[in-house]
Amino acid sequence: VLEERDRRGARANRDLYRQDPATVMAELPAASEVNLEQVELTRLFLVLQTESLQGDDKVRAWFVDRRRRLQDQIAAVLRDGVERGDFRADLDPDVKATEIICMLDGAHLQHLVAPDEVDLLEVLSSYRDALVADLRPT
């Protein structure tokens, strides 16, 4: 189930990471909108992730490895953007990558908790705007 969810996400976003760093970061929040199309799978994913904190070591290791891969992928794009001058020079790519992951995961969780109160598309759009502004060189 976990691997299938990742495969679906990778298929939906396969071309994203081929873009320039500024485009990747501007489109990354919207890329997670695919979760709106597969709400039950997203819910199951979040439940399994939470349960892995005290459960099966193999499942926990899968989530730890996935987070690390995602962290490395996003941080690499951010580093490239800094080197190209697309992003501010004082940016810490590892910290910002962690922030992005936390925000996107948290937004999806809050939407599932209160779908009538948390407009995921609005939240992702707002975060995209804030992210783009934060990355911009001064």
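I counted Lys and Arg as positive and Asp and Glu as negative, leaving out His and the chain ends. I placed each charge at NZ of Lys, CZ of Arg, CG of Asp or CD of Glu. On that basis I find 19 positive and 28 negative side chains in the protein, with the centres of the two sets 4 Å apart.

I note that this is a predicted model, in which local features need pLDDT of at least 70 and side-chain atom pairs count only at pLDDT 80 or more, while totals for chains, interfaces and linings use all residues. Residues are numbered from 1 along each chain as its sequence is written, and side-chain values use heavy atoms, without hydrogens and water.

I looked up the secondary structure next, taking helices (H or I, at least four residues) and strands (E, at least two) as DSSP runs numbered from the N terminus. The protein has six helices and zero strands.

I then turned to the interior. Buried means under 20% relative accessible area with a 1.4 Å probe, protein chains only; 35% of the 138 residues are buried.

I defined a nonpolar core as a set of buried Ala, Val, Leu, Ile, Met, Phe, Trp, Tyr and Cys residues joined through side-chain atoms within 4.5 Å. The largest such core has 20 residues, of which Met 25, Leu 28, Ile 74, Leu 78, Ile 100 and Leu 135 touch the most other members. Two or more residues each come from α2 (21-31), α4 (57-84), α5 (93-113) and α6 (120-135). I also recorded a second, separate core of six residues, including Leu 2, Phe 45, Leu 46 and Phe 63.

Methods: Buried means under 20% relative accessible area, exposed over 50%, partly exposed in between (1.4 Å probe, protein chains only).
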